[in-house]
Amino acid sequence: MNPLRVAVIGGGTSCEHDVSLSSAAAAGAALTEAGHEVVPLTIDRDGGWLDQGGEAIGLSGAVAVLRDCHVAVPMLHGPGGEDGTLAALCDLADVPYVGSALGAGAIAMDKWVTKLVAEAIGVPTAPGTLVTRATADQVSFTHPVVVKPVAAGSSHGVSMVREASELAPALDAAFAVDDRVLVEDVVEGREIDLAVLGRPDGSRTVPPALEIVVPESGIFDLDSKYDGSAVFRIPPPMSEADREALERAAIAVYDAVGCAGVARVDFFLTADGPVLNEVNTIPGFTEHSQVPRMFAAAGTSYPELLDIMVREATSDRSPAST
């Protein structure tokens, strides 16, 4: 098969900047290994566009680079990228891209809207309340809760609240990241993540699930996510009935949100079945991240997975240039 010229975009203005750079660098190396020509683009912390040599090229220069590529691979996690921003730019520039379109990115980034979509199709979510700065003083502690920003990435601003004295600091931490905050009941269950790959023929590929072994803190927070203490089980021990229920729920949510390409759908597996936690349309994507690990367990290597993603993103489109 002919190699493609692939623009891999990393960085961004969110708190996910460094993680995004890691995903972009790893993806670029794997795509090169798969035989493609990789053209790196970076968005700096102030929103400026840089070329592969680190020179500022501005938005117009970036669009020119994108239009000279067959496909773009957005690797920006969190707001300013994963929320559909980059997908919209690629749509306006008429450049094929890997992953979900604007609508799905915006829905998935908004945890409150994601809950509404999931509940509408019969997939349970944790009981929760949407809180703004104007209504924060109405929140009272009656039982343990998880406090999290509505639209932020990588567990930033997320706190487990077990005592009344912890509620105000948790709200402050979440409001430091977002103007809207979600206060959810603690769900008793195993944390199980699933990856879904939507194919051009309408089929859905779901590799073996991944279980996050929750640390002593009781929550998979920012520290445990990146300090190397997280333990993953692939595949996790479970009954066939639970596996099928999780896969059905993951595909249902993927489709209802309108995802494309690869997305990660996170659940709590409770005694009553799956409870949705969140959807990630641009999950972490180094070789050691959760989604590539799940596909590796199914026999698809990291370079092979990225090769599939870029080729399928262009399967129904003419190249932007030759």
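Contact means that heavy atoms lie within 4.5 Å. Keep that handy for the exercises below. This is a predicted model, in which local features need pLDDT of at least 70, side-chain atom pairs count only at pLDDT 80 or more, and totals for chains, interfaces and linings use all residues. Residues are numbered from 1 along each chain as its sequence is written, and side-chain values use heavy atoms, with hydrogens and water left out.

**Exercise 1. Work out how enclosed helix α10 is and what its buried residues pack against.**

Step 1: Find the helix. Helices (H or I, at least four residues) and strands (E, at least two) are DSSP runs, numbered from the N terminus. Helix α10 covers residues 302–313.

Step 2: Check its length. The expected span is 1.5 Å times one less than the number of residues.

Step 3: Look at burial. Buried means under 20% relative accessible area, exposed over 50%, partly exposed in between (1.4 Å probe, protein chains only). Nine of the twelve residues of α10 are buried, so the helix is largely enclosed by the rest of the structure. Among them are Tyr302, Leu306, Asp307 and Arg311.

Step 4: Find the neighbours. The buried residues of α10 pack against β1 (5–11), α1 (17–33), β4 (71–74), β13 (262–270) and α9 (290–297).

**Exercise 2. Describe the open sheet of four strands and say which helix packs on it.**

Step 1: Get the order. Two strands pair if DSSP finds at least two bridges between them. The order here is β5-β8-β6-β7, with antiparallel pairing.

Step 2: Spot the edges. β5 (128–132) and β7 (159–161) each have a single partner strand, so one side of each is left without a neighbour in the sheet.

Step 3: Zoom in on one pair. Strands β6 (residues 145–149) and β8 (residues 180–185) are joined in the antiparallel sense over five bridges. Valine 145 has aspartate 185 in β8 as its bridge partner.

**Exercise 3. Sum up the chain as a whole.**

Step 1: Count the elements. There are ten helices and 14 strands.

Step 2: Buried residues make up 51% of the 322 residues.

Step 3: Along its principal axes, the C-alpha trace spans about 60 × 45 × 35 Å.
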